[in-house]
Amino acid sequence: MENNMNFSSILSELRHRSGLSQRKAASDLGISQALLSHYENGAREPGLSFVCKVCDYYNVTADYLLGRSMNPTGSGSSAEVARAFIGELRILANKAEAALEELG
């Protein structure tokens with residue numbers, strides 16, 4: 001999935017990947033097919049409760065659904081988590097070194 005996708009295109013893609021018709025997905029989500037169509041083509045924007053319902057339905061994070069993350073589940077690989085942690089440690093080490101230089 002491209003990083004520049006928005007809610008409407010991601011919503012549509014999730015439904016297609018799941019092999020669901022608009023009618024079935026709309027029924028499962030408790031809305032009309034017409035409303036789901038409006039959401040998928042960007043004519044309408046949903047409320048927060050619908051966004052949460054879609055996240056649960058497709059088992060994805062809100063960040064993914066809103067196009068803010070490329071990772072549908074939000075759980076990074078061990079290597080990604082380790083790299084982020086090491087990056088934070090480097091920042092702290094640099095700050096500590098700068099503070100020590102100011103004292104010395």
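The model is predicted: local features need pLDDT of at least 70, side-chain atom pairs count only at pLDDT 80 or more, and totals for chains, interfaces and linings use all residues. Residues are numbered from 1 along each chain as its sequence is written, and side-chain values use heavy atoms, with hydrogens and water left out. Helices are DSSP runs (H or I, at least four residues), numbered from the N terminus.

**Salt bridges**

- The count comes to 4 salt bridges, each defined as a side-chain nitrogen of Lys or Arg within 4 Å of a carboxyl oxygen of Asp or Glu.
- One of them joins Glu40 and Arg15, whose closest N and O atoms are 2.6 Å apart.
- Because Glu40 lies in helix H3 and Arg15 in helix H1, this pair ties together parts that are 25 residues apart in sequence.
- Lys24 forms a salt bridge with Asp28, with the closest N and O atoms 2.9 Å apart; the two residues are 4 apart in helix H2, separated by about one helical turn.
- Arg68 and Asp63 meet through their side chains in a salt bridge of 3.1 Å, N to O.

**Accessibility of the paired residues**

- Relative accessible area sets the classes: buried is under 20%, exposed over 50%, and partly exposed in between (1.4 Å probe, protein chains only).
- Glu40 is buried at 10%, and Arg15 is buried at 7%.
- Lys24 is partly exposed at 42%, as is Asp28 at 35%.
- Arg68 is exposed at 64%, whereas Asp63 is partly exposed at 37%.

**Surroundings of Glu40**

- Glu40 belongs to helix H3, which spans residues 33–41.
- Leaving aside residues up to four places away in sequence, Glu40 touches Ser8, Ser9, Leu11, Ser12, Arg15 and Gln22, contact meaning heavy atoms within 4.5 Å.

**Nonpolar core**

- A nonpolar core is a set of buried Ala, Val, Leu, Ile, Met, Phe, Trp, Tyr and Cys residues joined through side-chain atoms within 4.5 Å.
- The largest such core has 20 residues, of which Leu11, Ile31, Phe50 and Leu65 touch the most other members.
- Two or more core residues come from each of helices H1 (7–17), H2 (22–29), H3, H4 (48–58) and H5 (62–65).
- Helix H4 gives the most to this core, with 5 residues.
- Ile31 touches Ala26, Leu36, Tyr39 and Phe50, not counting residues up to four places away in sequence.
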